[in-house]
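Please read each point beside the sequence and the structure.

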Amino acid sequence: MHYREVESTREFLLRLETGADWRTEIEEFADLEGIDAAWFQAMGAVQDAEVWFYDQDDQEYQSVTFDEPLEVAACVGNVADLDGERFAHTHAVLSRRSGQALAGHLSSATVFAGEVHLRAFDEPLERAHHEPTDLDLWL
């Protein structure tokens, strides 16, 4: 196990813009405020979504696209440096009108309505290649 203590320095509430990309809005906010490390949670609704699932055997992401309105029942993620850019690693549980849940790594989604609570940290998070998983992980 790897761990370190972090101290929350600033907290923000964001309302994402209708029609914008969910993850891009969070990354642009981090750029605007100079945030190199953060943890966030969110909820709302999207007009469509691209969700990724990481195949642990093939060590590749598989993409699934949903071209329909979805509720964002839960969303959690963090902001870290990835190759010199701020990256919002975002996971979401989305629900259809029927109540069926869809979940995974949220690659992109068009915002209908989104509310985010973001907690920024002083200590930067940098993602680097992790050989056993072939993922870019922080710490």
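**Notes on the predicted model**

1. E33 is partly exposed, with a relative accessible area of 30% (buried is under 20%, exposed over 50%, partly exposed in between, with a 1.4 Å probe and protein chains only). E33 forms a salt bridge with R10, and their closest N and O atoms are 3.0 Å apart; a salt bridge is a side-chain nitrogen of Lys or Arg within 4 Å of a carboxyl oxygen of Asp or Glu. This pair links distant parts of the chain, 23 residues apart: E33 belongs to helix α1 (residues 22-33) and R10 to strand β1 (residues 8-16). Helices (H or I, at least four residues) and strands (E, at least two) are DSSP runs, numbered from the N terminus. R10 is partly exposed at 33% relative accessibility.

2. The model is predicted: local features need pLDDT of at least 70, side-chain atom pairs count only at pLDDT 80 or more, and totals for chains, interfaces and linings use all residues. Residues are numbered from 1 along each chain as its sequence is written, and side-chain values use heavy atoms, with hydrogens and water left out.

3. The structure holds 7 salt bridges. Among them is that of E11 with R119, whose closest N and O atoms are 3.5 Å apart. E11 in strand β1 and R119 in strand β6 are 108 residues apart. E11 is partly exposed at 47% relative accessibility, and R119 is partly exposed at 34%.

4. E68 forms a salt bridge with R96, the closest N and O atoms being 3.0 Å apart. E68 lies in the loop between β3 (60-66) and β4, and R96 in the loop between β5 and β6, so the pair ties together parts that are 28 residues apart in sequence. E68 is partly exposed at 24% relative accessibility, as is R96 at 25%. A network of salt bridges links D31, D36 and R86.

5. Which strands pair with β4? Strand β2 (residues 38-55) pairs with β4 (residues 70-82) in the antiparallel sense over 8 bridges, and β4 pairs with β5 (residues 85-95) in the antiparallel sense over 11 bridges; pairing requires at least two DSSP bridges between two strands. V46 has L70 in β4 as its bridge partner, while A74 has V93 in β5. The hairpin of β4 and β5 has 2 residues between the strands, and D83 takes a positive phi near 55 degrees there.
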